[in-house]
Amino acid sequence: MRGSFAAPGERPAGLAWDGQALWHVDRQSRCLYALDGSGQTLKRFSLTFQPAAVLATAGELKVSDWGTAELHRLDPQTGRELGIERAPDNQLTGLTSAGR
């Protein structure tokens, strides 16, 4: 471990690295944050759902909704919703990809 920093928000949930930023969701504030290596907030997007996990994929972020079985696809530049996919279950707390 190289260091640590306090996460923004009161109820930190998922983390994902996209090669440039550490993405973090907070359930309490319903926000998605992009952080730099020192923990400084680069971007902050308000969400309309309670996020639980985040996955960085090619050109988009997938964020699970704690209360539904949905994955929200978001544009990492603007936070705009690109679509919604069905998730295997609700209350997903971790997401991973097979490189696709």
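Me: Over the ring of which residue does the charged end of Arg 27 sit?
Reply: In this predicted model, the charged end of Arg 27 lies 4.1 Å from the centre of a ring. A charge is counted as sitting over a ring within 6 Å of the centre and within 35 degrees of the ring normal. The ring under Arg 27 is that of Trp 66.

Me: How many aromatic pairs does a search of the whole structure find, and which residues form the pair?
Reply: The search returns one aromatic pair. Its centres are 6.4 Å apart with 15° between the planes, an arrangement classed as stacked, and the partners are Trp 23 and Phe 45.

Me: How many residues apart in the chain are Trp 23 and Phe 45?
Reply: Trp 23 belongs to strand 2 (residues 22–26), while Phe 45 belongs to strand 4 (residues 41–46). The pair thus links distant parts of the chain, with a separation of 22 residues.

Me: Are Trp 23 and Phe 45 buried or exposed?
Reply: Buried is the class under 20% relative accessible area, and exposed is the class over 50%. Trp 23 and Phe 45 are both classed as buried.

Me: Which residue in strand 3 is the bridge partner of Leu 22?
Reply: Strand 2 pairs with strand 3 (residues 31–35) in the antiparallel sense, over five bridges. In strand 3, Leu 22 has as its bridge partner Leu 35.

Me: What is the value of phi near Arg 30, and where is this residue found?
Reply: Arg 30 is in the loop between strand 2 and strand 3. It counts as partly exposed because its relative accessibility is 37%. Most residues other than glycine have a negative phi. Arg 30 has a positive one, near 55°.

Me: By how much are neighbouring strands turned against each other, on average, in the sheet of order 5-6-7-8?
Reply: The sheet of order 5-6-7-8 is open, has four strands and shows antiparallel pairing. Its edges are strand 5 (51–57) and strand 8, each pairing on one side only.

Me: Which residue in strand 7 does Ser 64 stand opposite?
Reply: Strand 6 (residues 60–65) and strand 7 (residues 70–74) are antiparallel and share four bridges. A hairpin of four residues connects strand 6 to strand 7. Across this pairing, Val 63 is opposite His 72. Ser 64 is opposite Leu 71.

Me: Which residue takes a positive phi in the hairpin of strand 7 and strand 8?
Reply: Strand 7 and strand 8 (residues 81–86) run antiparallel and are joined by five bridges. Glu 81 is the bridge partner of Leu 74, and Arg 86 stands opposite Glu 70. The hairpin has six residues between the strands, and the positive phi, near 80°, is that of Gly 79.

Me: With the side chain of which residue does the side chain of Glu 60 make a polar contact?
Reply: Glu 60 lies in strand 6 and is buried, because its relative accessible area is 13%. Leaving aside neighbours within four places in sequence, its contacts include Leu 55, Leu 74, Pro 76 and Leu 82. The polar contact, at 3.0 Å, is with the side chain of Arg 73.

Me: How far apart in space are Pro 8 and Glu 60, C-alpha to C-alpha?
Reply: Pro 8 is in the segment before strand 1 and counts as buried because its relative accessibility is 16%. Not counting residues up to four places away in sequence, Pro 8 touches His 24, Asp 26, Tyr 33, Leu 35 and Thr 41. Pro 8 and Glu 60 are 52 residues apart in sequence, and their C-alpha to C-alpha distance is 21 Å.

Note on methods: Residues are numbered from 1 along each chain as its sequence is written. This is a predicted model: local features need pLDDT of at least 70, side-chain atom pairs count only at pLDDT 80 or more; totals for chains, interfaces and linings use all residues. Side-chain values use heavy atoms; hydrogens and water are left out. Rings of Phe, Tyr and Trp (its six-membered ring) pair if their centres lie within 6.5 Å; planes under 30 degrees apart count as stacked, over 60 as edge-to-face and the rest as tilted. Helices (H or I, at least four residues) and strands (E, at least two) are DSSP runs, numbered from the N terminus. Buried means under 20% relative accessible area, exposed over 50%, partly exposed in between (1.4 Å probe, protein chains only). Two strands pair if DSSP finds at least two bridges between them. A polar contact is a pair of N or O atoms within 3.5 Å; within protein, one must be able to donate a hydrogen and the other to accept it, and residues adjacent in sequence count only if both atoms are side-chain atoms. Contact means heavy atoms within 4.5 Å.
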